[in-house]
Amino acid sequence: MESHQRVSLVIVIVIVCSALVTVLSARPSLEVEVEALKAFKKSITSDPNGALADWTSSHHCNWSGIACDPSTNQVISISLVEKQLKGEISPFLGNISGLQVLDLTSNTFTGHIPGELGLCSQLSQLVLYQNSLSGSIPPELGNHSNLQLLDLRDNLLSGSIPESICNCRNLSLFGVEFNNLTGKIPSNIGNLVNLQVFIANGNNFVGSLPASIGKLGAFKAVDLSGNRLSGALPRELGNLSNLEQLVLFGNSFVGEIPSELSQCEKLTNLELYGNKFTGGIPSELGNLVHLETLRLYKNRLNSTIPPSIFRLKSLTHLELSLNELTGTISSELGSLRSLQVLTLHSNKFTGEIPSSLTNLTNLTYLSMSLNYLTGKLPSNIGFLYNLQKLVMNGNLLEGAIPSSITNCTNLLVISLAYNRITGKIPQGLGQLPNLTFFSVGSNKMFGEIPDDLFNCTSLATLDLGLNNFSGYLKPGIGNLSNLKNLRATSNSFVGRIPPEIAQLSQLIVLTLGENRFSGPVPPQLSKLSQLQGLSLHDNALEGAIPEKLFELKELTDLELQHNKLTGPIPDTVSKLELLSYLNLQGNMLNGSIPKGMAHLNRLTTLDLSHNRLSGSIPGSVVSSLKSMQIYLNFSYNFLDGSIPDELGMLEMVQAIDISNNNLSGIIPKSIEGCRNLYSLDLSGNELSGPIQAEVFVKMDTLTSLNLSRNSLDGELPEKLTNLKHLSSLDLSQNHLTGCNPLRALQTFPP
């Protein structure tokens, strides 16, 4: 009886426990998931838009960003896109076992991606794009057999791609661009048989592209640009029959471009530029009839352009520049009527520009610069009415600029410098309201500047230099209010420099040297407050240097040499504290070297030679030039006194010339500090005393030394033979005695 009662009691206990287990197992999910969501909210440190404000009351399925399975109320989706959330991703999200979508796009989450997300066995989409997540990609993510979308782009992730990711056989999109990932592309990436898009540009991946990539039959797009990948491209890429975009630019791939790429018949975008490919452009690429973009520039390709390329009627971008391509440009080019961008610059093309080029009426950018092209620009270039950039500089082009160019009313850039172009600037350029860059420098053009050019008020660069333009620089120049660079050096302009130039308030560089300008330097130039370079050299300018000129506090380069300027150098030169190059040689300047020059401590070159300067060389000025690296020239003046000891502080200067003055006294021992000197000329003064060998023996780089036409005396020092690089030595017309120690080198004039 007792035994029977005990058995009955056990059965009751079992039934009760079983019921209790059933009740408990029905709860977990909901309570655990709610707790996980609360933990996620607790990890948020900033929620400026109150995106999670309603995560406190009501049913969790009604919370913002949460979606539940209607039959079980289990959380299946957390989507909080562009909510400006800050904080970390809570590892407790791993407790939401039915989670299918986690999308935290465009927030500011930091910290690591929790490995616990690997417990979310139903996860199909993990999107953490555009956050600030760091650390490595958790290998636990490879547990997700249902994962289809893994987007980790634009974070701060490091380490390599875990091999385990290749277990996610349902993955269709994998994005990791713009992180700090390293290592190799997983060798078994070919296991991702459903992968359609792989975006991994902007990292530091190394090694070669694995051959297994050829197994990805569903592949449509791959972008591995901007990494450090190397080696040859696997020929297995030709197996990717569904591939539409292959983007591999900015790596170090080598070898030939595989002809097997022609088997990727759906390819629309092929971008291989910025690598080290060699050999020719495969003629088989002409089979890619759907190709719209072909960018092969900045490699080492050395063939001609295969005629088959001209079968690609869908091409909008053909960019082959910066290679070693040869041959002529075929007239068949004119059949690519969809072309919008054509860049062939920096190759070795020869021959003439085919007139059929003007059939390409959709062209917006045409660049054939830096080749060996001859002949003329096509006379009907005006048919290219959509053209915005015409870049033909650095060829051997002849003839005049076609007048039809004025029909290209969308032009922004005309770059024709460094050719053999003749004729005048065509009338009608004023019809190009958007023109910002007009460069015809270094040609053989002539005539006056047409007035309507001054209607191109968008111009930022006007380069007319090194031609034979003549006439006056007219006041209309002041209309070009957006001009930043005006270059008209080496022409035959006459008359005065128009003061209207002062209206060009954005001007940074003004070069008018080597013309026939006369009259004074316009003081109005002082209004050009942004001017950094002013070159008026080799003209016939006269009068004093305007003091107002030294209000140009941004000036780094001032060239007034070879004019007829008179008067003293204004002490206000001290205001030009950013000046690195100052050349006033070959004028008629008088007075002393202003002590205010001591403020010009950024000068790398200072040339005051061939003037009428007098007085002593101020030691304070010389000492302020201790950072000078190139050239100091005070020669051919009337300077007197001794050579200042401070000259030895110029440790980096390469050449010093203070010859042909009235300097006296000894050569100071301190100049041994000029250890970087290549050339030193102290000739044509009244220097006396012996040559102290120790002054020169430390000048290891000295190649030229001229001490002639002084009153030096004493023995010629033997130690001068230590100057191993010396190739020119002139000690003539002194009072020196003894044998020339360098006579065997024939460096001492008789």
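Two strands pair if DSSP finds at least two bridges between them. With that in hand, here are some close-ups of this predicted model.

**View 1. A three-stranded open sheet, with Glu 88 opposite Thr 110.** In this view Glu 88 stands opposite Thr 110, a residue of β6. Strand β4, which covers residues 86-88, is joined to β6 by three bridges, and the two run parallel. The open sheet has the order β1-β4-β6, and its pairing is mixed. Since β1 (44-46) and β6 (108-110) each have a single partner strand, they stand at the edges, so one side of each is left without a neighbour in the sheet. From one strand to the next, the twist averages 25 degrees. As a reminder, strands of a sheet pair through backbone hydrogen bonds, either parallel or antiparallel.

**View 2. Phe 174 and Phe 198, a stacked pair.** A search of the whole structure turns up eight aromatic pairs. One of them is formed by Phe 174 and Phe 198, whose rings are stacked at 5.5 Å centre to centre with 10 degrees between the planes. Phe 174 belongs to strand β10 (residues 173-175) and Phe 198 to strand β12 (residues 197-199), so the pair ties together parts that are 24 residues apart in sequence. Both Phe 174 and Phe 198 are buried.

**View 3. Phe 249 and Tyr 273, a pair between loops.** Here the ring centres of Phe 249 and Tyr 273 are 4.3 Å apart and the planes are at 5 degrees, so this pair is stacked. Phe 249 sits in the loop between β16 (245-247) and β17 (252-255), while Tyr 273 sits in the loop between β18 (269-271) and β19 (276-279), so the pair ties together parts that are 24 residues apart in sequence. Phe 249 counts as partly exposed because its relative accessibility is 23%, whereas Tyr 273, with a relative accessible area of 15%, is buried.

**View 4. An aromatic cluster.** Four side chains meet your eye here: Phe 40, Trp 55, Trp 63 and Phe 109 form one aromatic cluster.

View 5. Rolling a probe the size of a water molecule over the atoms shows where empty space is left. The structure holds one cavity of 30 Å³ or more, and the largest cavity contains about 30 Å³ of space. Its lining is made up of Ile 161, Ile 165, Cys 166, Phe 174, Pro 186, Ile 189, Leu 192 and Phe 198. By class, that lining has eight nonpolar residues, with no polar and no charged ones.

How values were computed:
Residues are numbered from 1 along each chain as its sequence is written. This is a predicted model: local features need pLDDT of at least 70, side-chain atom pairs count only at pLDDT 80 or more; totals for chains, interfaces and linings use all residues. Side-chain values use heavy atoms; hydrogens and water are left out. On a 1 Å grid over the protein atoms alone, a cavity is a set of points where a 1.4 Å probe fits but cannot get out, and a pocket is an open set with protein on both sides within 12 Å along at least five of seven lines; lining residues have an atom within 4 Å of a point. Grid points are joined across faces, edges and corners, and a volume is the space filled by probe spheres set on the points. Ala, Val, Leu, Ile, Met, Phe, Trp, Tyr, Cys and Pro count as nonpolar, Asp, Glu, Lys and Arg as charged, and the others, Gly among them, as polar. Helices (H or I, at least four residues) and strands (E, at least two) are DSSP runs, numbered from the N terminus. Axes are lines fitted to C-alpha atoms, for helices over the stretch in contact, and angles run from 0 to 180 degrees between N-to-C directions. Rings of Phe, Tyr and Trp (its six-membered ring) pair if their centres lie within 6.5 Å; planes under 30 degrees apart count as stacked, over 60 as edge-to-face and the rest as tilted. Buried means under 20% relative accessible area, exposed over 50%, partly exposed in between (1.4 Å probe, protein chains only).
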